[in-house]
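Have a look at it yourself before reading on.

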Amino acid sequence: MSNPFLTPPAKPGHGIIHLALLPPSTPRLRTASYQYPLKLVSPSPTRLEDETRCLVHTIYILTYGGGLVAGDSIDLTVTLEHTTRLILLTQGSTKLFKSPSRELVSKQRITVNLAPESALCYLSDPVQPFEHSCFEQSQIYNVTVPSFSAEHTASLCVLDWVSSGRPANGENWSFRHYGSRNEIYLCFPDGKHRLLLRDNIMLDDQHLEGSITDRMHGLAVFGTLVLYGPLCKALGQFFVDEFKALPRLGGRKWDSGSESGDEEADAAMIKRFARHRQGTIDGVLWSAVPLRGCVVVKFGAPTLEGARRWVRDMLLHEGSVVKNFGERALLCLR
Amino acid sequence: MSTALNLHALLLLSDSALPLGSFAFSSGLESYLAHTKSSSSNKHFPAATTNSSKAAAFEVFLEQSISNVASTAIPYLLNAYHHPSYENLGALDNDFDASTPCTVARRASITQGRALLMVWERALRPTSQSQSADSGGRKASEALSTFATALKISKPDAHGLGLNGHFAPLFGLVCRALGLSEAEASYVFLLSHSKTVLSAAVRASVLGPYQSQAILAGTKLQGWLKGYVAREGRDEGCMRGGVEEAAVTIPVMDLWMGRHELLYSRIFNS
């Protein structure tokens, strides 16, 4: 039994979010406590307009100054009880300010414990590392596997992306160190854990001879979208199908002549071609991989706006994020 | 373990004729070339047209490819090498599978891993059993045999997870069973990878055979290999031998590898 009079965490940068389920089926934000430099803001929950009438909570993760100063450390623990749904948002990109030395690393750790049938949508703004910054973050998702069935697991729709810094200031992947880790663990009823997915990126200016800019090959943003669970199944399948339908590289572009007329038969195809054309203009490179019950979408683009537009268009077109979490879930992609 | 036996094992494993089917893979090179070649129509990628700029662009790719393989695979190789047991091999196999979110890379790793297991069972095991003196080598040999048997009957569970047979941890165990040192194991792994990419470059007509051999023999490549072996070896001694620290250092590599599927025509498997 958890303590209803939970004392706020005393350590700087620590935060706790606990979304509880009041019987029979009312989700309620039991705890949202935080310490400087972390701040959590929770607007009133929204009710979905579909037949489930599900109540979806939203929390903005903010930091004073809009980012992390060298040496800041954020440690957020999120607990979602059975069938609850949470949207995590940021307000603008997370800025990483310069660090005086390589030893002084800013850190952010988010641990999410998801009970069966709960759902998390975390479509944040990108992380924006400034020149000479040092930063590491980890997002750990502990998914409890229900004992009765492997199908009623939690659902996850999480985006982790990083930009090249402030291009207007001449920054182009000019930081010292950036590391980001996303891990999903399956937690079995007998207490055992198993790693389901790990996505770990490490960019360090001392790792190779060339600069980090050389390693990014003209991309200004790189991101990973992870989809897992029953609520994100259709969305994952959509990405996989769209990836398969991309025009072949080095083949003739038969779809360029839209005057032929026969495409009019299929509105979905026309939209797909329009997306392909926009994606080509924006230079978006992406791939979608179904593995181990998840779908991992990796993308990169030469402009931040191009990447943002692409992600938003894909999610809006498929529609299940808005359907399952409401319009608010996509706020950071506007 | 005498040096003569050691040398023999080293030569066996570094031989490009070791039947792992490595020649079928280009580790993203073919896709990288397609992405940079089409750049006349794509303003975001600079075109490499002349022969010398082609070779220079290839060297950049080669270094990045080696770096990425070193940072993603060597921690698994070393962990398997230092903790030779069937249980640990199973855990490493699961974790490596979880950490490779790229269809093409997984396919390449599993194909080569299973081929290595086959070579082990049919050719290397009897030799290692008659020669291996230290207990670690014997344990590695037992772990490999148990894993080979288990892999044959493995079926995916309710979550679709089963044994896969990924290349890096198996390679570490084979090296252990054959009495190679830790540094030799990492070095020969990265050298074989370099050879694979170089040979793919020759067949994709990026380089001539002498150019390729010059890169292979050159001090630059040796410097990279030594540097990355040292970089990955340094973590040894922490809890799981650094497996959790295995990371992608060239994120774009995953995109090129993943988009290999989109090539209109292809000569390689990855």
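Here are my entries, starting with the ground rules.

**Ground rules.** I am working with a predicted model, where local features need pLDDT of at least 70 and side-chain atom pairs count only at pLDDT 80 or more, while totals for chains, interfaces and linings use all residues. Residues are numbered from 1 along each chain as its sequence is written, chains are lettered from A and ligands numbered from 1 in the order in which they are written, and side-chain values use heavy atoms, with hydrogens and water left out.

**Where the chains meet.** I looked up the contact (heavy atoms within 4.5 Å) and found 46 residues from chain B and 45 residues from chain A. The buried area (accessible area lost on being put together, 1.4 Å probe, summed over both parts) is about 4,100 Å², and carbon and sulfur atoms give 60% of that. On chain B's side, B:His159, B:Leu255 and B:Leu262 lose the most area to chain A, together 16% of what that side buries.

How many salt bridges did I find between chain B and chain A? The count is three, a salt bridge being a side-chain nitrogen of Lys or Arg within 4 Å of a carboxyl oxygen of Asp or Glu. I noted A:Arg181 with B:Glu245, whose closest N and O atoms are 3.6 Å apart.

**Which elements of chain B take part.** Helices (DSSP runs of H or I, at least four residues) and strands (E, at least two) are numbered from the N terminus. Those of chain B that give two or more residues to the side touching chain A include α3 (51-82) and α5 (103-131). The largest share, six residues, comes from α11(B).

**A covered strand.** I then turned to β17 of chain A, residues 221-228, where eight of eight residues are buried (under 20% relative accessible area, 1.4 Å probe, protein chains only). In a regular strand the side chains alternate between the two faces of the sheet. In β17(A), A:Val221, A:Gly223, A:Leu225 and A:Leu227 are buried on one side, and A:Phe222, A:Thr224, A:Val226 and A:Tyr228 on the other.

**Its partners.** Strands pair if DSSP finds at least two bridges between them. β14(A) runs antiparallel to β17(A), joined by eight bridges, with A:Asp160 partnered by A:Thr224. β19(A) also pairs with β17(A) in the antiparallel sense over eight bridges, and there A:Phe222 has A:Gly300 as its partner.

**One loop residue.** Last, I checked A:Ser124, in the loop between β11 and β12 of chain A. Is A:Ser124 buried or exposed? A:Ser124 is buried, because its relative accessible area is 6%. Beyond neighbours within four places in sequence, A:Ser124 is in contact with A:Thr90, A:Leu159, A:Trp161 and A:Cys332.

Definitions and conventions: Buried area is the accessible area (1.4 Å probe) that two parts lose on being put together, summed over both. Buried means under 20% relative accessible area, exposed over 50%, partly exposed in between (1.4 Å probe, protein chains only).
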